[in-house]
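Good morning, and thank you for making time for this item.

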Amino acid sequence: MEAHAHAPAPGAVRNYILVLCILGVLTFLECMTYFIPWFQEHRQVLFVAISIMGTVKFGLVVAFYMHLRHDAVFYREVFIIPLVLAIVITIIVTMLTSIRLIPYQHL
Amino acid sequence: MAAHATTGPVAHAPAAAHPPTSMGLPHLKLGFWTFLGSDCLFFGSLIATYMAYRGHSLTGPYSHSPWTAPDGHVVNHILNVPVTSISAFVLLVSSFAMVMALNGFQTNNRGRARLWIFLTAIFGLTFLGFQSFEFTEFYLNGLSLSQNLFGSTFFVLTGFHGTHVAFGVLWLLTLFVADLRKPIPPSKAINVETCGLYWHFVDIVWIVIFAFVYLIPVTEKGGF
């Protein structure tokens with residue numbers, strides 16, 4: 001019979017602390033972009049920077065805290081497929097609503 | 001390689017905790033990952049709605065630009081990024097506390113397990129406190145669910161997230177009390193792991209909300 005109870009690997013706690021430190025630094029950097037005028041003037045750069053930092057934070061939590069990096073492949077599939085679908089839907093809806101000839105303010 | 005094979009440094013405990021399943025995976029955990037996948041679509045639709053209507057409010061208060069109320073009261077951009085950055089970090093720390101609690105349950109370290117699961121609940125309550133403060137400030141500045149498109153989409157999105165956090169806090173406190181009454185053995189740590197998956201999911205949803213709602217300013221045309 002397959003045993004499903006997992007015991008944490010030695011050094012797991014050290015990894016958890018390291019991930020927390022990285023998450024803290026990234027959150028600080030994200031917050032700093034709000035106060036740096038250059039980023040507010042270059043919003044495309046801000047969008048890319050925030051997206052990258054958010055994605056890294058998302059990935060770290062999913063991979064290390066949710067243990068998806070080491071867990072069964074099937075869990076990845078049942079989570080990542082709807083996640084990708086949600087991202088695609090969000091992008092399509094955002095793009096469709098941003099392409100309009102008359103802004104709502106002038107209707 | 002079998003679908004249930006692990007690829008990293010996760011060792012199997014000697015005691016079998018679950019009956020064999022057709023896929024070799026515990027049904028509870030598989031079902032919960034499936035639920036989290038469906039919750040991705042739920043929050044995805046709410047975030048998509050927010051993104052679709054961002055910058056389209058006919059009246060203020062606005063998220064990232066000033067607004068003068070009919071009574072002459074000027075409301076600067078309503079979102080408070082420094083305060084929300086702290087609450088976002090509190091939620092990240094709660095995720096750390098959750099994995100420490102799970103580590104305690106898996107290694108049968110009762111002190112560690114109880115301390116960290118209690119701290120996780122406290123961090124969750126702290127986040128809810130920040131959110132209550134924020135919602136109250138917004139309401140006092142004239143932003144309500146029915147004031148404008150920003151208010152409707154913002155409160156629905158963050159309100160549903162807050163509801164998820166509140167449910168998670170209840171779940172954590174239930175596990176804490178259950179462990180005090182009868183210690184949860186390592187063979188049943190999957191019950192804590194499931195709660196942990198939910199808690200981390202709530203955390204990653206906030207990572208996305210914080211980035212796209214708070215940190216990326218809205219232009220007059222609703223673009224980036």
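Let me begin with a definition: a helix here is a DSSP run of H or I with at least four residues, and helices are numbered from the N terminus. In that sense, A:I22 lies in helix 1 of chain A, which spans residues 12-35. Please keep that helix in view, as I shall return to it.

What you see is a predicted model, so confidence comes before geometry. For the complex, the predictor gives an ipTM of 0.85 and a pTM of 0.87. Chain A has an average pLDDT of 84, with 81% of its residues scoring at least 70. Within chain A, the element with the highest mean pLDDT is helix 3, residues 43-65, at 93, while strand 1, residues 6-7, has the lowest, at 64. Chain B has a mean pLDDT of 86, and 89% of its residues reach 70 or more. A caution applies to residues 1-16 of chain B, where pLDDT stays under 50; the model has 36 contacts beyond four places in sequence for that stretch.

I turn to the architecture. Chain A comprises four helices and one strand, in the order β-α-α-α-α along the sequence. It has 107 residues, of which 31% count as buried. Chain B comprises five helices and three strands, and its order is β-α-β-β-α-α-α-α. Of its 224 residues, 43% count as buried. If we take the contacts in chain B with a separation of 6 or more, 72% of them join residues 24 or more positions apart.

Now to the packing of helices. Two packed helices are described by the angle between their axes and the distance between the axes. Within chain B, helix 2 (residues 81-106) and helix 3 (residues 110-140) pack at about 160 degrees, with axes 8 Å apart. An angle over 145 degrees counts as roughly antiparallel, and helix 2 of chain B and helix 3 of chain B are therefore roughly antiparallel to each other. Their crossing is left-handed. The residues of this contact divide into 16 nonpolar, nine polar and two charged.

How does helix 1 of chain A lie relative to helix 2 of chain B, roughly parallel or roughly antiparallel? Their axes come within 10 Å and cross at roughly 170 degrees, which makes the two helices roughly antiparallel. The residues of this contact divide into 16 nonpolar, four polar and no charged. Among those that meet are A:Y16, A:L20 and A:L23 on the chain A side, and B:F89, B:L92 and B:F96 on the chain B side.

Let me return to A:I22. With 14 C-beta neighbours inside 10 Å, A:I22 counts as partly exposed. Its C-alpha atom is separated by 20 Å from that of A:F35, 13 residues away along the chain.

Finally, two backbone details. Most residues other than glycine have a negative phi. A:H67, however, has a positive phi of about 60 degrees. A:H67 is found in the loop between helix 3 and helix 4 of chain A, and it is buried, with 23 other C-beta atoms within 10 Å. B:N108 also has a positive phi, near 60 degrees. B:N108 is found in the loop between helix 2 and helix 3 of chain B, and it is partly exposed, with 15 other C-beta atoms within 10 Å.

Terms used
Residues are numbered from 1 along each chain as its sequence is written. Chains are lettered from A and ligands numbered from 1 in the order in which they are written. This is a predicted model: local features need pLDDT of at least 70, side-chain atom pairs count only at pLDDT 80 or more; totals for chains, interfaces and linings use all residues. pLDDT is the predictor's confidence in each residue, from 0 to 100. A residue is buried if 20 or more other C-beta atoms lie within 10 Å of its own, exposed if 12 or fewer, and partly exposed in between; C-beta atoms are placed from the backbone. Two residues are in contact if their C-beta atoms, placed from the backbone, lie within 7 Å. Axes are lines fitted to C-alpha atoms, for helices over the stretch in contact, and angles run from 0 to 180 degrees between N-to-C directions. Angles under 35 degrees count as roughly parallel, over 145 as roughly antiparallel, 65 to 115 as roughly perpendicular and the rest as oblique. A crossing is left-handed if the near helix is turned anticlockwise from the far one by less than a right angle, and right-handed if clockwise. Ala, Val, Leu, Ile, Met, Phe, Trp, Tyr, Cys and Pro count as nonpolar, Asp, Glu, Lys and Arg as charged, and the others, Gly among them, as polar.
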